[in-house]
Amino acid sequence: MSAAVTISLFELNPAMDRAAIAARFAADRRVQIRDVLTPDAATALHEVLTRTRWGLGWRAGEDGPHGIEAAALQRLPAAEHNRIGQAIFATMRGGDYAFSYARYPILDAYLGKWDPDGPYDILLEHLNAPPFLDLIRFVTGMPELCKADAQATLFAANQFLPLHIDAQSAEGWRVAYVLSLCREDWRPDWGGYLQFFDADGDVIAGYRPRFNALSLFAVPAPHAVSYVPPFAPVGRYSITGWFRDR
């Protein structure tokens, strides 16, 4: 795909009420911005996601975290696929920490020159360009934010990301983001919700997977992506990462 086409991947919606969005973030330390991109830009970005060759991110207790890239995942024997799945579920049954989701590591791909000037390279440059960073600085009230990382993710049947807090302050993480790009009218019983929890473990907020919606929240914060059940007919597409101050 040429740069002339992919340059439209990240055109911000000029009709956003930035002051109202910033006020919501100031009150709750989180916000979801609907229609953050222009319709054409969001559609183009969704098309990139549907053509992505997905790898796998997973962890089962002390085994991991692991990132298996797409080519290696295709070569993985069925028995090893089954072993990983069983290990993940056994870990969760035992009360330890595990996760599973499809991923394309955009920052790693950019630095490794996997697809120079390809769509994901151009997307990462847009995420780190002044128009978008200035929007995030204004909404969050954090002028010190200086860069963003990114990965593409797909949560499909039997995948999830359980409760965690994103506490890596040494990495400069200040604000997490999820750019949701699910075109389908996502049903609540398909899972895949970005959920937030209080100190008692109660869900205090949740964002349904949507098309062209940017969720922002200050970290650390207890949150999770709820389990996508086997009967969900589609997967949860998104671009995720953190805005950093270093």
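Guide: Both Glu 80 and Arg 83 lie in helix α5 (residues 78-93), 3 residues apart, which is about one turn of the helix. Helices (H or I, at least four residues) and strands (E, at least two) are DSSP runs, numbered from the N terminus. This is a predicted model, in which local features need pLDDT of at least 70 and side-chain atom pairs pLDDT 80 or more, while totals for chains, interfaces and linings use all residues. Residues are numbered from 1 along each chain as its sequence is written, and side-chain values use heavy atoms, without hydrogens or water.

Visitor: How do the side chains of Glu 80 and Arg 83 meet?

Guide: They meet in a salt bridge, at 2.9 Å from N to O. The term requires a side-chain nitrogen of Lys or Arg within 4 Å of a carboxyl oxygen of Asp or Glu.

Visitor: How many salt bridges does the count come to?

Guide: The count is 10. One of them joins the side chains of Asp 185 and Arg 208, at 3.1 Å from N to O. Asp 185 is in the loop between β8 (173-181) and β9 (194-197) and Arg 208 in the loop between β10 (203-207) and β11 (211-218), so this pair ties together parts that are 23 residues apart in sequence. Asp 185 is exposed, with a relative accessible area of 63%, whereas Arg 208 is partly exposed at 22%.

Visitor: Which residues are linked in a network of salt bridges?

Guide: The network links Glu 144, Arg 174, Asp 245 and Arg 246. Within it, the side chains of Asp 245 and Arg 246 meet at 3.0 Å, N to O. Asp 245 is partly exposed at 22% relative accessible area, and Arg 246 is partly exposed at 49%.

Visitor: A change of topic: what is the volume of the largest pocket?

Guide: It is about 870 Å³. Of its 37 lining residues, those closest to the centre are Tyr 101, Gln 151, Trp 173, Thr 240 and Trp 242. A pocket is an open set of points on a 1 Å grid over the protein atoms alone where a 1.4 Å probe fits, with protein on both sides within 12 Å along at least five of seven lines; lining residues have an atom within 4 Å of a point. The volume is the space filled by probe spheres on points joined across faces, edges and corners.

Visitor: Which strand gives the most to the lining?

Guide: Strand β13 (residues 236-244) does, with 5 residues.

Visitor: In what sense do β2 and β3 pair?

Guide: Strand β2 (residues 55-60) and strand β3 (residues 63-68) pair in the antiparallel sense over 4 bridges; pairing requires at least two DSSP bridges. Leu 56 has Ile 68 in β3 as its bridge partner. The two strands form a hairpin with 2 residues between them, and Gly 61 in the turn has a positive phi of about 65°.

Visitor: Finally, where is Gln 159 found?

Guide: Gln 159 is in the loop between β6 (151-155) and β7 (161-164). At 11% relative accessibility, Gln 159 counts as buried. The side chain of Gln 159 reaches the backbone nitrogen of Ala 156 at 2.9 Å.

How values were computed: Buried means under 20% relative accessible area, exposed over 50%, partly exposed in between (1.4 Å probe, protein chains only). A polar contact is a pair of N or O atoms within 3.5 Å; within protein, one must be able to donate a hydrogen and the other to accept it, and residues adjacent in sequence count only if both atoms are side-chain atoms.
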